[in-house]
Amino acid sequence: MHIGLIAGNGRFPFLVLDAARRLGHQVTIAAVNDEASPELSAEAGREPRARIVWLSLGQLGKCIETFKEAGVTHALMAGQVKHVKIFSGVVPDRVMLSVLFRLRSKNTDAVISAIADVLEEHGMKLLDSTVFLEPLLAREGNMAGRDTTPEERADLEFGYRMADAIAGLDIGQAVAVKDTAVVAVEAMEGTDELIARAGRLAGAGVRIVKVAKPNQDMRFDVPVVGVP
C-alpha cells in the first residue's frame with residue numbers, strides 16, 4: 001500500500017510515518033507549511049526514504065497532483081491544522097476553492113470531509129488516522145497512576161456532561177471546570193489554548209474534560225490529549 005500522509009503539527013505525523021514504514025508501506029508526505037515540524041524533512045530522509053513536499057494550506061490541487069504522480073492509493077491525515085487559519089489569509093487554489101464553494105458551513109468536519117470526498121474522487125481512499133497506532137490509543141479506566149478524589153470525580157462527571165453538550169452542538173470537544181463550575185469552553189482556538197486560558201482564569205485545581213463528538217469521524221478528527 002502506498003500511503004499519502006497529509007502532515008500537520010505535533011508528533012502525530014512522525015508516529016504515523018514510523019509505523020507505516022515498519023509495516024512495509026511506501027509513504028509520500030504532503031507537509032503543511034507553518035504547521036508541520038521542519039524536522040519531518042530529516043525524518044523522511046531516513047531509510048526507507050519517504051518523498052516529502054511542502055505545501056501551503058490552500059494547495060489541495062498540488063497535494064492531489066503530488067500523490068497521483070507518486071502512485072498513492074490511500075491517504076491519511078495526521079497532526080492538527082488550526083481551523084482558525086481558514087480565516088487568516090490562506091490563498092486557496094482552484095481545487096480548494098471548489099471544496100469551499102460546495103460547503104454550507106465551514107466547521108472543521110465539513111471542510112475536511114469535503115477534502116476527503118475530493119481525494120476519493122481521485123482514487124485515494126482516506127484511512128482512519130489511527131489505523132497504524134492502535135497501541136497508543138487510550139484504554140478505558142484510570143491511566144494517571146492514582147485514583148481520583150471525590151472532589152475530582154465530581155468535577156469530571158460534571159465536566160463530562162458539559163463537554164458532551166457542546167460537542168453535540170459542534171462548538172468544541174473540551175471544557176475546563178473547577179468546583180463543579182465551567183471555567184472555559186473550547187471553540188475554534190483548540191484545546192491547548194483552552195487549557196492556558198483556564199489556568200489564567202482559575203489557577204490550580206482546574207480539571208479538563210475532552211470527549212468525542214456524536215458520530216466522530218476518526219479518519220481525520222481524533223480527540224487527543226498529550227504530554228510534552
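Predicted model: local features only at pLDDT ≥ 70, side-chain atom pairs only at ≥ 80, totals over all residues.
I started with Asp-170, which sits in the loop between α6 (150-168) and β6 (174-178). My helices (H or I, at least four residues) and strands (E, at least two) are DSSP runs, numbered from the N terminus. Residues are numbered from 1 along each chain as its sequence is written, and side-chain values use heavy atoms, with hydrogens and water left out.

Asp-170 is not a glycine, yet I read a positive phi of about 60° for it. Is it buried, partly exposed or exposed? I got a relative accessible area of 33% for Asp-170, so it is partly exposed. My cut-offs: buried is under 20% relative accessible area, exposed is over 50%, and partly exposed is in between (1.4 Å probe, protein chains only).

Thr-180 also turned up as a non-glycine with a positive phi, about 50°. I found Thr-180 in the loop between β6 and β7 (181-185), and it is partly exposed at 43%.

I then looked up peptide bonds and noted a cis one joining Glu-47 and Pro-48, with omega about -10°. Pro-48 belongs to the loop between α2 (39-44) and β3 (51-55).

**Sheet**

What is the strand order in the open sheet of 5 strands? I wrote down β3-β2-β1-β4-β5, with parallel pairing. Two strands count as paired if DSSP finds at least two bridges between them. The edges are β3 and β5 (125-126), each pairing on one side only.

Gly-4 has Ala-75 of β4 as its bridge partner.

I zoomed in on Ile-115: leaving aside neighbours within four places in sequence, it is in contact (heavy atoms within 4.5 Å) with Leu-60, Met-77, Met-96 and Val-99.

For α3, I listed Leu-60, Gly-61, Cys-63, Ile-64, Thr-66 and Phe-67 as buried. Their cover includes β1, β2 (26-32), β3, α4 and α5.

**A buried Asp**

Asp-155 is in helix α6. I get 2% relative accessibility, so Asp-155 counts as buried. What does Asp-155 touch, not counting residues up to four places away in sequence? My list reads Val-177, Lys-178, Asp-179, Thr-180, Gly-205 and Arg-207.

**Nonpolar patch**

Last entry: Leu-169, Ile-171, Val-182 and Val-185 make a nonpolar surface patch with about 330 Å² of accessible area together. Patch members have over 30% relative accessible area and no salt bridge; nonpolar side chains (Val, Leu, Ile, Met, Phe, Trp, Tyr) are joined within 5 Å, like charges within 9 Å. A salt bridge is a side-chain nitrogen of Lys or Arg within 4 Å of a carboxyl oxygen of Asp or Glu. Areas come from the Shrake-Rupley method with a 1.4 Å probe; for residues, only the protein chains shown count as cover. Val-182, in strand β7, is partly exposed at 38%.
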